[in-house]
Amino acid sequence: MKTVIVALALHSAAALVAPTRPARTSALTAAYKPMDGVNAAVDTNNRGEAWVSQMQRPRRNRKSAGVRSMVRENFLTPANLMQPIFIHEDSDEVVPIASMPGQSRHTLDSMVEQVKKGMALGVKSFILFPKVPDDLKTNFADECYNPEGIVPKAVAMCKAACPDATICTDIALDPYSDQGHDGIVLDGKIVNDQTIEQLCKQAVCHARAGADFVGPSDMMDGRIGALRLALDAEGWTDVGIISYSAKYASAFYGPFRDALDSHPGFGDKKTYQQDPANGREAIIEATLDAAEGADMLMVKPGVPYLDIVRRIRDVVDIPIAAYHVSGEYAMIKAGAEKGWIDEKAIVLETLMCFRRAGADVILTYYATDAAQWMVDEGEVCL
Ligand code: PBG
């Protein structure tokens, strides 16, 4: 016992003195006294200047704006951006969304103005999200295929005002569900195949109104094939499907649910949206959707899931869209409002990172602002 204590005391005393270093062994290390201007790593060139000999110097390809632009690997243009637009008919007011500064619930007239503004800046695609009054919400969400409903009306108005705009709609029951879920709820469960019947009616309704693409965001199994058949059976073979293939059960959707008043009435969406811990599962979803006839695949949310964009990009050749979602928008806005970050620089960098990860299309609430910034910077010729 005594010896152990003595040994410990000796050990800790030794720790107080500077650790001994191994003796210098080579002429090279002996000559290395960088603080005295003797640095074995730095030679002298023929002009007597410091020279660290090396054949590859990657900085040569970054030396000027001209060279950097010559070797740039990825490009971001307004045409890659899709602008989501929230719409409502509760009043004639454009209603700001508190958790998404700069975004509003638009009236149908101001929605058309938004589409025109985007088109003038080179943003050519738009996706509509309706806020539906509570008295129209039911478990079966039948309002979702009402031809007189807000979305078909909105689609027709957009296409009439801007025939060249690509108008997309969201396919899911949640804005119309009194349960706040993307599908029909029976015995506390979100039922798959009955929900698909409603989704098919919703997609055909939007196609009849003139939608260019429908975007199923519901995550029911087998809905892409069913939607393709439903559309084709009525002759809508040129209406495309952008499938939210890898949609995660994410906390980043919070501000969107504020915008549409569509928070789940009970529980969460984990029995249909994916577990954020899983990556391989996204490949299963993506390959199924591609096989069922999706025209594009979507990953959502965006930045925290760029690894999923890349993994899908590597195995599927159809275009990939990624959704820079409401929570991501809100975080940038909050940081910018505090003066802590440079909003414009952060947004343009973020959107470029989506492209580098492999996204062809980026859904972002910043679409129109980013296009304006790109135009201002002379980065884009419209
Ligand atoms: C609805 C839907 C959601 C989003 C797009 N479509 C919300 C959800 O699944 O709860 C989120 C978009 C965003 O957060 O910006 N099916």
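**Group meeting: charges, helix pairs and backbone details**

D261 is partly exposed, with a relative accessible area of 38%. On that scale, buried means under 20% relative accessible area, exposed means over 50%, and partly exposed is in between, with a 1.4 Å probe and protein chains only. This is a predicted model, in which local features need pLDDT of at least 70, side-chain atom pairs count only at pLDDT 80 or more, and totals for chains, interfaces and linings use all residues. Residues are numbered from 1 along each chain as its sequence is written, and side-chain values use heavy atoms, with hydrogens and water left out.

Back to D261. Its phi is near 55 degrees, a positive value in a residue other than glycine. D261 sits in the loop between α8 and α9 (280-292). Helices here are DSSP runs of H or I with at least four residues, strands are runs of E with at least two, and both are numbered from the N terminus. D187 also has a positive phi, near 50 degrees, and is not a glycine. Its place is the loop between β8 (184-186) and β9 (189-191), and at 81% relative accessibility D187 counts as exposed.

One more backbone item. K300 and P301 are joined by a cis peptide bond, with omega about -5 degrees. P301 belongs to the loop between β12 (296-300) and α10 (306-315).

Now the charges. Side chains of opposite charge can pair when their charged atoms come close. The criterion for a salt bridge is a side-chain nitrogen of Lys or Arg within 4 Å of a carboxyl oxygen of Asp or Glu. How many salt bridges does a search of the whole structure find? The count is 18.

I will go through some of them. K159 pairs with D212, and the closest N and O atoms are 2.8 Å apart. K159 lies in helix α5 (residues 150-161) and D212 in the loop between α6 (192-209) and β10 (213-216), so this pair ties together parts that are 53 residues apart in sequence. K159 is buried, at 19% relative accessible area, while D212 is partly exposed at 22%.

K137 forms a salt bridge with D134, with 3.5 Å between the closest N and O atoms. K137 is buried at 11% relative accessibility, whereas D134 is exposed at 54%. In the bridge between E49 and R47, the closest N and O atoms are 3.3 Å apart. E49 is partly exposed at 37%, and R47 is exposed at 69%. There is also a network of salt bridges that links D174, D182, K247 and K269.

Leaving aside neighbours within four places in sequence, R257 is in contact (heavy atoms within 4.5 Å) with S262, H263, P264, K269 and Q273.

Next, helix packing. Two packed helices are described by the angle between their axes and the distance between the axes. The axes are lines fitted to C-alpha atoms, for helices over the stretch in contact, and the angles run from 0 to 180 degrees between N-to-C directions. Angles under 35 degrees count as roughly parallel, over 145 as roughly antiparallel, 65 to 115 as roughly perpendicular, and the rest as oblique.

Helix α11 (residues 326-337) packs with helix α12 (residues 343-357) at about 155 degrees, with their axes 10 Å apart. The two are therefore roughly antiparallel. From α11, the contact uses I332, K333 and A336; from α12, E343, I346, V347 and T350. α11 passes α12 in a right-handed crossing; a crossing is right-handed if the near helix is turned clockwise from the far one by less than a right angle, and left-handed if anticlockwise.

Helix α4 (residues 108-120) packs with α5 at an angle of about 40 degrees, with axes 10 Å apart. α4 and α5 are therefore oblique to each other, and α4 passes α5 in a right-handed crossing. Residues in the contact include V112 and V115 of α4 and A154 and M157 of α5.

Last, G327, which is in helix α11. G327 is buried, with a relative accessible area of 8%. Not counting residues up to four places away in sequence, G327 touches F252 and P255.
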